[in-house]
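Q: I am new to this structure and would like to learn how to read its features. Please take me through a few of them.

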Amino acid sequence: MRLERALAEWKGTEAALCFSSGYAAALGTIPALVSKSDVVLLDKLCHASLIDAAKLSGAILRVFPHKQSAQTGDHLEWARREHPGKRVLIVTESVFSMDGDRAPLHELVELKKRFDALLMLDEAHAVGVIGLHGRGLAAEENLSDDVDVQMGTMSKALGASGGYICGSHDLIEWLINRARSFIYSTASPPAIAAAASAAIDFLSSQEGEERRLLLWKRIQLMQELLQSLDVGRWTLGVGRLDAGSKRSTPNAQRSTLKAPTSAIFPLLVGDEQAALDLAAALKSEGFLVPAIRYPTVAKASARLRITVTASHEEDQIRALCEAIKRLSAAS
């Protein structure tokens with residue numbers, strides 16, 4: 001309960017509820033909010049836990065193209081026309097886990113208000129990284145009060161384990177009584193809760209904010225170095241392309257790279273075995289860069305997922321980029 005109070009204060013919400021994992025938080029929350037004849041709208045690149053939860057709810061499921069607000073609006077018009085009086089829930093991540101790009105949160109908030117929908121935001125890869133004291137994208141964009149359900153995990157930047165939901169007192173009271181993955185599951189061990197609480201205390205401190213700003217210096221360096229690389233047939237910064245941009249040539253993509261959006265940098269390889277081979281080659285040189293492949297990402301879009309932390313030294317980041325460049329030339 002002390003952890004939940006700390007989470008609510010940190011995220012600027014009325015209340016919070018802890019789950020044993022982020023997956024459990026999604027699986028308990030969405031079916032508690034919607035059911036048969038209600039409608040769930042999901043960004044195409046939402047995490048598997050959100051997709052599974054939407055399917056489990058029994059609600060009508062519609063998927064909108066990644067970050068395409070116009071199509072989201074079309075789906076909302078359809079939902080209000082074909083299912084009047086039913087609950088409509090929009091679900092998105094704030095930072096998408098495999099591409100590292102951000103959701104168009106202002107546009108989604110405008111749509112949810114216009115069509116009287118609910119908005120659920122998964123902040124798993126934003127907390128600890130984005131916003132003052134790492135409170136996430138909703139806080140950075142001053143939209144916390146407009147997001148009905150803020151979901152997150154304590155197993156990323158917080159360095160602990162478990163998931164959470166932040167929102168209104170009514171929402172949390174409802175989940176306590178209706179979220180099956182909360183009711184019928186064991187709570188996290190006290191030591192884990194204490195560790196997560198300590199992480200929140202640290203992030204809320206001046207020292208924690210200095211650590212977060214150091215992280216962004218490392219992120220900026222990685223972005224600059226990756227932009228300068230010639231990696232042949234591989235593709236850099238998939239998630240940093242504008243919506244609808246062409247994904248044909250590395251040079252074209254390099255010209256469309258924007259300012260860094262998160263600590264996640266995808267290196268698109270395409271072939272699954274080639275991605276595994278590249279990850280193995282980097283590992284042999286001392287770099288742990290996981291290969292991500294189907295079904296986590298679409299077929300023929302296997303990639304290496306580079307994740308920057310504040311503990312990475314500048315020399316380590318430069319050495320990784322040099323290794324990628326050298327392996328690209330040899331491929």
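Q: Which strands does helix α10 lie across?
A: This is a predicted model. In the model, helix α10, residues 206-228, lies across β8, β9 and β11. The helix runs at about 30 degrees to β9.

Q: What is the order of the strands in the open sheet of four strands?
A: The order is β8-β9-β11-β10, and the pairing is antiparallel. Strands β8 (235-236) and β10 (291-292) are the edge strands, since each pairs on one side only.

Q: How many bridges join β9 to β11?
A: Six bridges join β9, residues 264-270, to β11, residues 302-307, and these two strands run antiparallel.

Q: Why is α2 said to be largely enclosed by the rest of the structure?
A: A residue counts as buried under 20% relative accessible area. Nine of the 12 residues of α2 are buried, so the helix is largely enclosed. Among them are Gly22, Gly28, Ile30 and Leu33.

Q: How is empty space found?
A: Rolling a probe the size of a water molecule over the atoms shows where empty space is left. Here, the second largest pocket holds about 510 Å³ of space. Of its 22 lining residues, Gly128, Val129, Lys156, Ala157 and Leu215 are the closest to its centre.

Q: Which element gives the most to the lining of the second largest pocket?
A: Helix α10 does, with four residues.

Terms used. Residues numbered from 1 in each chain as written. Predicted model: local features only at pLDDT ≥ 70, side-chain atom pairs only at ≥ 80, totals over all residues. Heavy atoms only, no water. Pairing = 2+ DSSP bridges. Contact = heavy atoms within 4.5 Å. Axes fitted to C-alpha atoms, helices over the stretch in contact; angles between N-to-C directions. Buried < 20%, exposed > 50% of the residue type's maximum accessible area, 1.4 Å probe, protein only. 1 Å grid on protein atoms, 1.4 Å probe; cavity = no way out; pocket = protein on both sides within 12 Å on 5 of 7 lines; lining within 4 Å. Points joined across faces, edges and corners; volume = space filled by probe spheres on them.
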